[in-house]
Amino acid sequence: MDNDTLLPVTFTFVEYKEGDLLGKFLAYASLLPVFIGFGLGVAIIARREFSIMTLLIGLIVDERLNAIIKNITKQPRPARGEGPIWSEYGMPSSHTEFMFFLATYVTLWLSICVKSRVRPELGPIMIKLGKFLVIAGMYCLAFIVAFSRFYLEYHTMAQVIVGACVGIGFGVVWFFLASHYFAKFYPVLENLWISRLFLLKDSSDIDDVLLFEYETAQAYRRNKRKLNKHRH
């Protein structure tokens, strides 16, 4: 047992220099892909949507693509330390690729698929502003994570840039596959017994699904109150 080699989980392994407050902030920021992956898992449990599952599968495929590219390029990380993590290949940065894939996919999804209904509380300008802020926020987070990988010397600038380019490119490809091909199978999957058992669904053809669910719940409660009044 004493001679066994211990390997770190490199996706969550982050170090920064003592006393470097910016480095400490960026070290936590570079863990965003982990938190986002966990958040998507929670979203799948809560929403049961095939579209969210497709996004999560895309992120997993993106990670495998990153590993394949690294094994092809075999480019080392910056000469910063010793140990198993520094012997791994660094081209391209997986954290950067993850974040730019997600930012690109969300941008296309919001721009093309999400149809928000105009209502007194939410006008067309507010809808456009909301989408813009979400998209801008996603890319800001992506750039922060990318910069953290370079600043903390886990990757060279070239490895970070290539990671961003691969993430953007594969994000476009995966969104195209999801919207033009995978979505065609959602109705079939929705009718499977396992989907009915776990209430898996596809709400992609409903405009403003949150508003639809809110209005449906409100109407259900009103009808239930009316029935209770008639009974009494």
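Tutor: Happy to! Keep in mind that this is a predicted model. Let's begin with the largest nonpolar core, which has 32 residues.

Student: Which residues of that core touch the most other members?

Tutor: Those are Met99, Phe101, Leu102 and Tyr105.

Student: And which helices each supply at least two residues of this core?

Tutor: α2, α3, α5, α6 (124-151) and α7 (157-180) each do. The largest share, 9 residues, comes from α5.

Student: Let me zoom in on phenylalanine 101. What does it touch?

Tutor: Leaving aside residues up to four places away in sequence, phenylalanine 101 touches Leu55, Gly58, Leu59, Asp62, Gly167, Ile168, Phe170, Gly171 and Trp174.

Student: Okay, switching to α2. How many residues does it have, and how far does it reach?

Tutor: α2 has 16 residues, and the distance from its first C-alpha to its last is 22 Å. That is close to the 22 Å expected at 1.5 Å a residue.

Student: Which residues of α2 are buried?

Tutor: Leu32, Pro33, Ile36, Leu40 and Ile44. They sit on the same side of α2, because they cover an arc of only 115° around the axis.

Student: What about the other side of α2, which residues are exposed there?

Tutor: There you'll find Phe35, Phe38, Ile45 and Ala46 exposed.

Student: And what do the buried residues of α2 pack against?

Tutor: They pack against α1 (21-29), α3, α5 and α6.

Student: Nice. What follows α2?

Tutor: Arginine 48 follows α2, and its phi is positive, near 60°. This residue has that positive phi although it is not a glycine. Look for arginine 48 in the loop between α2 (32-47) and α3 (50-73).

Student: How accessible is arginine 48?

Tutor: Its relative accessible area is 29%, so arginine 48 is partly exposed.

Student: Which other residue has a positive phi although it is not a glycine?

Tutor: Lysine 74 is one, with a phi of about 55°. You can find lysine 74 in the loop between α3 and α4. Lysine 74 counts as partly exposed because its relative accessibility is 48%.

Student: Last topic, prolines. Is the peptide bond from methionine 91 to proline 92 cis or trans?

Tutor: That bond is cis, with omega near 0°.

Student: Where should I look for proline 92?

Tutor: Go to the loop between α4 (84-87) and α5 (94-113). Proline 92 is found there.

Methods: Residues are numbered from 1 along each chain as its sequence is written. This is a predicted model: local features need pLDDT of at least 70, side-chain atom pairs count only at pLDDT 80 or more; totals for chains, interfaces and linings use all residues. Side-chain values use heavy atoms; hydrogens and water are left out. Helices (H or I, at least four residues) and strands (E, at least two) are DSSP runs, numbered from the N terminus. Buried means under 20% relative accessible area, exposed over 50%, partly exposed in between (1.4 Å probe, protein chains only). A nonpolar core is a set of buried Ala, Val, Leu, Ile, Met, Phe, Trp, Tyr and Cys residues joined through side-chain atoms within 4.5 Å. Contact means heavy atoms within 4.5 Å. The expected span of a helix is 1.5 Å times one less than its number of residues. The arc is that of the directions from the helix axis to the C-beta atoms.
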